[in-house]
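Okay everyone, thanks for coming.

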Amino acid sequence: MANEDIIAVSAEAVIHPDDLEESFIRSSGPGGQNVNKVATAVQLRFNAALATGLSERVRDRVIRFAGQRATKDGVIVIEAGRFRTQEQNRADARSRLVALVAKAAEPPPPPRKKTKPSKGAIERRLKSKAGRSTVKKLRGRVGEE
């Protein structure tokens, strides 16, 4: 295949056309009487487990993010049948795959920095707790005097 068909998602995620397999099936979406005759929906299969353009971290994350769309063998199956034409459905399936891989290729968030409340905040909290305690004590029954 041509070099233009390679989809570069990020530095550690590249989708090669050899890893993609498309098959066309009958769509359940719009199309009028034509919907029962023409296979316009696309079933895009991306073999993430054997994809050479993905780093190990991205490979694991993309299979995990795919959820039920991923088979046990690590093949991600995306079905697109929203549109009436094969070309639009192909583009839709590919864009959904690119979005999934891009989400998996995002860098991990920075670690959380531990913080603790200031002394003034601790004092205010304890003072308000003591105030609530006295209010609740005063709600009880009035003792006989």
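So, to start: in what order do the 3 strands of the open sheet come? The order is 3-4-5, and the pairing is antiparallel. Keep in mind that this is a predicted model, by the way. At the edges you have strand 3 and strand 5, each of which pairs on one side only. Going from one strand to the next, the twist averages 20 degrees.

Let's look at one of those pairings. Strand 4, residues 41–47, runs antiparallel to strand 5, and the two are joined over 6 bridges. Strand 5 itself, residues 75–80, is mostly covered, with 5 of its 6 residues buried.

Now step back to Thr 40, in the loop between strand 3 and strand 4. Is Thr 40 buried or exposed? Buried: its relative accessibility is 10%, and the cut-off for that label is under 20%. What's around it? Leaving out neighbours within four places in sequence, Thr 40 is in contact with Phe 24, Ile 25 and Ser 27, and also with Phe 83, Arg 84, Thr 85, Gln 86 and Asn 89.

Next up, Ile 15, which you'll find in strand 2, residues 13–15. This residue is buried, at a relative accessible area of 0%. Not counting residues up to four places away in sequence, Ile 15 touches Asp 5, Ile 6, Ile 7, Val 9, Leu 20, Phe 46, Leu 97, Val 98 and Val 101. Here's a distance you can check on screen: Ile 15 and Ala 51 are 36 residues apart in sequence and 7.6 Å apart in space, C-alpha to C-alpha.

How do helix 1 and helix 2 pack? Helix 1 is residues 56–66 and helix 2 is residues 86–105; the angle is about 125 degrees, and their axes are 8 Å apart. That angle is why we call the two helices oblique to each other. Their crossing is right-handed. On the helix 1 side, the contact is made by Arg 57, Val 58, Arg 61, Val 62, Phe 65 and Ala 66. Helix 2 brings Leu 100, Val 101, Lys 103, Ala 104 and Ala 105. Sorted by class, that contact has 8 nonpolar residues, 3 charged ones and no polar ones.

Notes:
Residues are numbered from 1 along each chain as its sequence is written. This is a predicted model: local features need pLDDT of at least 70, side-chain atom pairs count only at pLDDT 80 or more; totals for chains, interfaces and linings use all residues. Side-chain values use heavy atoms; hydrogens and water are left out. Axes are lines fitted to C-alpha atoms, for helices over the stretch in contact, and angles run from 0 to 180 degrees between N-to-C directions. Helices (H or I, at least four residues) and strands (E, at least two) are DSSP runs, numbered from the N terminus. Angles under 35 degrees count as roughly parallel, over 145 as roughly antiparallel, 65 to 115 as roughly perpendicular and the rest as oblique. A crossing is left-handed if the near helix is turned anticlockwise from the far one by less than a right angle, and right-handed if clockwise. Contact means heavy atoms within 4.5 Å. Ala, Val, Leu, Ile, Met, Phe, Trp, Tyr, Cys and Pro count as nonpolar, Asp, Glu, Lys and Arg as charged, and the others, Gly among them, as polar. Buried means under 20% relative accessible area, exposed over 50%, partly exposed in between (1.4 Å probe, protein chains only). Two strands pair if DSSP finds at least two bridges between them.
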